[in-house]
Amino acid sequence: MSNNGPVALITGVGPGTGAATARRFAAAGYRVAMLARGAARLKDLEAELPGSRAFACDLADAAAAEAAVTRVVDEMGAPEVLIHNAVGGVSGSESVDGVMGNFLEIDPASLEYNFRVNTMALLHLARRVAPAMVEQGRGCIIVTGNTSALRGKADFSAFAPTKAAQRILAESMARHLGPKGVHVAYVVIDAVIDVPWTRKHFSGKPDNFFIKPAAIADELWHVAHQHRSAWSFLVEVRPFGEPW
């Protein structure tokens, strides 16, 4: 792959949506800057995808997030695509159980952590990459959300408010950046993503209960390359068996 391909910056590059999205964009000629907390896992993917670069970073740390994006720009160039896929749970847990609890039961620090990863990181990342996109008159910022962005269930009080805030921030960005040629979209993943830990947690569920990471990545690619006469903002994806 050419070293002159466009740059896609993807956060939350774990074994599911993040890795699938990195593969999808790399296969189409993008040089992918991958951000996540796990340095070892990122290095494995970096070795797999020519032209990609791994940047270990905890997006809950605003200074670390800004430093990571500065490295991306300095070492790879300004991103044409930003996909904010990183997501907080309670203390960053990948477990569904980790985000459970009503507002009387949760540790308030858990909501604050989620807000930093889900919402504040989006603010810091977008503020860093959007000016170059505006200058070029093109670019795309996509945020991956989930059902919590649209409703606040009782036991998701440490999580849902931060995803709702994230969605509203993305909408505000879209209204500002759209007329300047920069597409901002929010993709709601209304499903359980098919990765090993969710398969274990939801053991016994049929295949149509889960959404495939590669299918999500295909939709993110599609949204990032929509014709500017027909841009989407709010996109929802779910498996055909989801009783929504």
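Residues are numbered from 1 along each chain as its sequence is written, and side-chain values use heavy atoms, with hydrogens and water left out. As the model is predicted, local features need pLDDT of at least 70 and side-chain atom pairs count only at pLDDT 80 or more, while totals for chains, interfaces and linings use all residues.

**Helix pairs**

Helices (H or I, at least four residues) are DSSP runs numbered from the N terminus. Their axes are lines fitted to C-alpha atoms over the stretch in contact, with angles from 0 to 180 degrees between N-to-C directions.

| Helix pair | Axes come within | Crossing angle |
|---|---|---|
| Helix 1 (residues 17-27) and helix 7 (residues 213-224) | 8 Å | roughly 50 degrees |
| Helix 4 (residues 108-136) and helix 5 (residues 160-177) | 9 Å | roughly 15 degrees |
| Helix 3 (residues 62-76) and helix 4 | 9 Å | roughly 30 degrees |

Angles under 35 degrees count as roughly parallel, over 145 as roughly antiparallel, 65 to 115 as roughly perpendicular and the rest as oblique. Helix 3 is therefore roughly parallel to helix 4. Helix 4 and helix 5 are likewise roughly parallel to each other, whereas helix 1 and helix 7 are oblique.

A crossing is right-handed if the near helix is turned clockwise from the far one by less than a right angle, and left-handed if anticlockwise. Helix 1 crosses helix 7 in the right-handed sense; the crossing of helix 4 and helix 5 is right-handed, and so is that of helix 3 and helix 4.

Contact means heavy atoms within 4.5 Å. On the helix 4 side of the contact with helix 5, the residues include Leu111, Phe115, Leu122 and Val134, and those of helix 5 include Pro161, Leu169, Met173 and Leu177. By class (Ala, Val, Leu, Ile, Met, Phe, Trp, Tyr, Cys and Pro nonpolar; Asp, Glu, Lys and Arg charged; the others, Gly among them, polar), this contact has 13 nonpolar, 5 polar and 1 charged residues.

In helix 1, Thr17, Ala20, Thr21, Arg24 and Phe25 meet residues of helix 7, among them Asp218, Trp221 and Ala224. This contact has 9 nonpolar, 2 polar and 2 charged residues.

**Second largest pocket**

The second largest pocket holds about 190 Å³ of space. Among its 14 lining residues, the closest to its centre are Arg138, Gly139, Cys140, Ala224 and His225. The lining divides into 5 nonpolar, 6 polar and 3 charged residues. On a 1 Å grid over the protein atoms alone, a pocket is an open set of points where a 1.4 Å probe fits, with protein on both sides within 12 Å along at least five of seven lines; lining residues have an atom within 4 Å of a point. The volume is the space filled by probe spheres set on the points.

Terms used: Helices (H or I, at least four residues) and strands (E, at least two) are DSSP runs, numbered from the N terminus.
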